[in-house]
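Open the model in your viewer and follow the stops below. Each one says what to select and what is there.

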Amino acid sequence: MRVRFWGVRGSYPVPGARTNRYGGNTSCVQVVPENDAVLIIDAGTGIRRLGKELMAGPFRRSAAACHLLISHTHWDHIQGLPFFAPLYVEGKQVNIYARQQDVHLKTIFCSQTEAPYFPVSLDEVAAQVRYTPLTEGERFEVDGVQIRCARLNHPHVALGYRLDADGASVAYVSDTAPFDTVLLEDQYIPARPDVNAGPPAADAEKLAAMREGVVELCRGCDLVIYDTMFRMREYLARPHWGHSSPEHAIEIAEEAGAGCLVLFHHSPDHGDGDIDHDLDLARSRARIPVIAAAEGVDLNVRRSIVQEQR
């Protein structure tokens, strides 16, 4: 199994000199099993380049479908979808998987391409687009890859994914806050809560169950990709934004017995030097290998072995 990073930022794209090495595109990760199935997690701006590469290779002439696992529908995780080249090729099939909501998934995704926001509606693309709603904790198979999902602690709720194939496993946990101070559900909390007070008992119970679900999602994974948008002081200033720090990620990954941790969903305010610093600090604190996600990095994931290529 290979894992390739096409977009590693959170919130919004930040191209420029300060982000050249790690990249400025928003979240998009490709998982490539040995059978070359096309599995993509999140459709941030990084998916535009991925789509072009797919259409320049053997995929263009194959009957294979694209499978998109969407963590949640905040803008930075879907904003690249209208620019995904396979959508505009007749005979292609694009399968979109996302958390079940009160509104049908097709309505949610098509709304971003309605006039006057975009000239071509997802209803009008040449490819066949299918939508599959997921419930928290669901398990399913896609082209020989075993997939399961778990709820994350994020405003309007997000899903984390685990993919098992070829004797290897990868977990993708973005976006999430930690599970000890504030419960984030369908309503955005507009003001910073008092984290020192602790959550009410009912919320604490939900948070504990959610944390257990995330640890189990990552249990024994060879590679865990985890939201580390904040430094700890940034998290404490904005605990209601739904993001974690490297310290939170290390705690979960080590408790789950993961083989390697990838710092992901980098803050748009953090330049390459900032990420270098945070990576060095995380490596000094962790008992497992730690990598910082960067566009173009290709990881060969085998049982307990992660090899980096560019």
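Start at E255, which is partly exposed at 40% relative accessibility (partly exposed lies between buried, under 20% relative accessible area, and exposed, over 50%, with a 1.4 Å probe and protein chains only). This is a predicted model: local features need pLDDT of at least 70, side-chain atom pairs count only at pLDDT 80 or more, and totals for chains, interfaces and linings use all residues. Residues are numbered from 1 along each chain as its sequence is written, and side-chain values use heavy atoms, with hydrogens and water left out.

R211 sits in helix α3 and E255 in helix α5, so the pair ties together parts 44 residues apart in sequence (helices are DSSP runs of H or I, at least four residues; strands are runs of E, at least two; both are numbered from the N terminus).

Next, select R18, R231, D274 and D278. Salt bridges with shared partners join them into one network. Within it, D274 and R18 pair at 3.3 Å between the closest N and O atoms. D274 is in helix α6 and R18 in the loop between β1 and β2, 256 residues apart.

Move to E53 and R4. Their salt bridge has its closest N and O atoms 2.9 Å apart. E53 lies in helix α1 and R4 in strand β1, so the pair ties together parts 49 residues apart in sequence. R4 is buried at 18% relative accessibility, while E53 is partly exposed at 40%.

Methods. A salt bridge is a side-chain nitrogen of Lys or Arg within 4 Å of a carboxyl oxygen of Asp or Glu.
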